[in-house]
Amino acid sequence: MKLSQYAKQQGISYRTAFRWWQAGQIKGYQAPSGTIIVTEGEKSLAVPEKTVIYARVSSQEHKENLERQVERLQNYCAAKGYQVTMIVKEIASGVNDSRPKLLSLLKDTSVTRIIVEHKDRLTRFGANYILTLLEAQGRTVEIVNLADDDKEDLIQDLSSIFYSFCARMYGQRHAKRKTEKIVKELEAKEEE
């Protein structure tokens with residue numbers, strides 16, 4: 001493989017890979033065209049694979065589905081021959097961008113492969129940003145059930161937007177009612 005491909009796979013810059021090649025840390029040769037080819041026998045710098053299952057449901061009411069989701073993902077990993085090193089379960093909204101378990105998983109650069117059942121289990125919006133950033137680090141997210149066509153993706157996006165809008169509206173109404181209740185209680189105390 002080319003040195004540039006090797007660098008991308010390892011999550012390092014081309015410059016760093018070139019320095020390693022010059023120092024003899026990477027086995028390979030330079031073709032007459034000048035291209036540096038890394039030989040396949042290079043195992044010493046290979047990052048050990050660390051596969052993690054990430055399962056998420058939006059609320060406690062769906063906790064049973066969380067366990068079934070994990071079971072399906074474990075079966076998938078077994079069929080693919082992946083050795084799962086960790087299972088991360090989270091109960092949180094896919095719209096929430098401050099999910100502690102997902103964030104710590106994304107920060108852990110030793111994790112090379114994240115397995116999720118559907119793209120929306122990872123996040124409702126911006127999944128492609130996460131996928132692109134992880135790919136640049138030489139890491140992957142494997143989505144078990146991809147949408148069959150663009151129409152299904154579009155419908156999923158529309159339903160996600162609608163879901164997000166409803167959740168925010170409900171949250172705002174709830175907050176407004178709670179604030180009104182507190183104001184009434186304060187007014188009642190002032191009258192006493």
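Student: What percentage of the 192 residues in the protein is buried?

Tutor: This is a predicted model, in which local features need pLDDT of at least 70 and side-chain atom pairs count only at pLDDT 80 or more, whereas totals for chains, interfaces and linings use all residues. Residues are numbered from 1 along each chain as its sequence is written, and side-chain values use heavy atoms, with hydrogens and water left out. Buried means under 20% relative accessible area, exposed over 50% and partly exposed in between (1.4 Å probe, protein chains only). Of the 192 residues in the protein, the buried share is 27%.

Student: In which element is confidence lowest, and in which is it highest?

Tutor: Confidence is expressed as pLDDT, the predictor's confidence in each residue, from 0 to 100; the mean for the protein is 83, and 89% of its residues reach 70 or more. Helices (H or I, at least four residues) and strands (E, at least two) are DSSP runs, numbered from the N terminus. The lowest mean, 73, belongs to helix H7 (residues 150-191), and the highest, 95, to strand S5 (residues 113-116). The elements asked for are H7 and S5, respectively.

Student: In what order do the strands of the open sheet lie?

Tutor: Two strands pair if DSSP finds at least two bridges between them. The edge strands, S4 and strand S6 (140-143), each pair on one side only, while S3 and S5 pair in the parallel sense over 3 bridges and 4 bridges join S5 to S6. The pairing in this sheet of 4 strands is parallel, and its order is S4-S3-S5-S6.

Student: Which residue in S6 stands opposite Val 116?

Tutor: Both faces of S5 are covered, with Arg 113 and Ile 115 buried on one side and Ile 114 and Val 116 buried on the other. In S6, Val 141 is the bridge partner of Ile 114, and the residue opposite Val 116 is Ile 143.

Student: Within what arc do the buried residues of H3 fall?

Tutor: An α-helix has 3.6 residues a turn, so residues three or four places apart point the same way. In H3 the buried residues are Leu 66, Gln 69, Val 70, Leu 73 and Cys 77, whereas Glu 64, Ala 78 and Ala 79 are exposed on the other side. The arc is that of the directions from the helix axis to the C-beta atoms. The buried residues line one face of H3, because seen down its axis they fall within an arc of 100°.

Student: At about what angle does H3 run to S3?

Tutor: The buried residues of H3 pack against strand S3 (51-57), strand S4 (84-91), S5 and helix H5 (119-122), where contact means heavy atoms within 4.5 Å. Axes are lines fitted to C-alpha atoms, for helices over the stretch in contact, and angles run from 0 to 180 degrees between N-to-C directions. H3 lies across S3, S4, S5 and S6, and its angle to S3 is about 155°.
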